[in-house]
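Colleague: Could you walk me through how the labels on this model are assigned? I would like to see each value set against its rule.

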Amino acid sequence: QVQLVESGGGLVQPGGSLRLSCAASGIKFRIYRMGWGRQVPGKQRELVATITSGSETNYADSVKGRFIISRDNAKNTVYLQMNSLKPEDTAVYYCSAALSNDYWGQGTQVTVSS
């Protein structure tokens with residue numbers, strides 16, 4: 001059974017930082033492309049960062065230069081370091097694992113507000 005469990009969300013002031021973690025189980029983690037998406041009510045989920053099995057990264061323009069995705073294959077964990085956070089980054093953040101199928105976690109709320 002595939003499980004993706006996110007943690008690290010919370011309330012942060014504009015300009016602050018947060019680090020999200022996603023622990024994966026039930027998959028051969030090292031061969032999956034991992035990613036982070038986010039969603040706000042009434043809008044489609046947006047994939048903001050991905051990292052391949054070879055650690056190549058890709059970012060949405062909205063987060064490029066501020067967010068960093070990384071992975072630790074020994075811990076079956078993917079991270080999202082979020083810096084210079086803006087109110088428009090407020091969303092539920094979801095971890096994803098993609099190969100022949102796509103899997104998503106349950107999400108963690110990130111709120112950027114003063």
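Modeller: Happy to! Contact means heavy atoms within 4.5 Å. Leaving aside neighbours within four places in sequence, Arg38 is in contact with several residues, among them Gln44, Glu46, Ser62, Phe67, Asp89 and Tyr93. This is a predicted model, where local features need pLDDT of at least 70 and side-chain atom pairs count only at pLDDT 80 or more, while totals for chains, interfaces and linings use all residues. Residues are numbered from 1 along each chain as its sequence is written, and side-chain values use heavy atoms, with hydrogens and water left out.

Colleague: Why is Arg38 called buried?

Modeller: Buried means under 20% relative accessible area, exposed over 50%, partly exposed in between (1.4 Å probe, protein chains only). Arg38 has 7%, so Arg38 is buried.

Colleague: What makes Arg38 and Asp89 a polar contact?

Modeller: The rule asks for a pair of N or O atoms within 3.5 Å; within protein, one must be able to donate a hydrogen and the other to accept it, and residues adjacent in sequence count only if both atoms are side-chain atoms. The side chains of Arg38 and Asp89 make such a contact at 2.9 Å, and those of Arg38 and Ser62 are joined by another at 3.4 Å.

Colleague: How do you know that Cys22 and Cys95 form a disulfide?

Modeller: A disulfide is a pair of cysteine sulfur atoms within 2.5 Å, and the sulfur atoms of Cys22 and Cys95 lie 2.1 Å apart.

Colleague: And why is the disulfide left-handed?

Modeller: The torsion about the S-S bond of Cys22 and Cys95 is about -80°, so the disulfide is left-handed.
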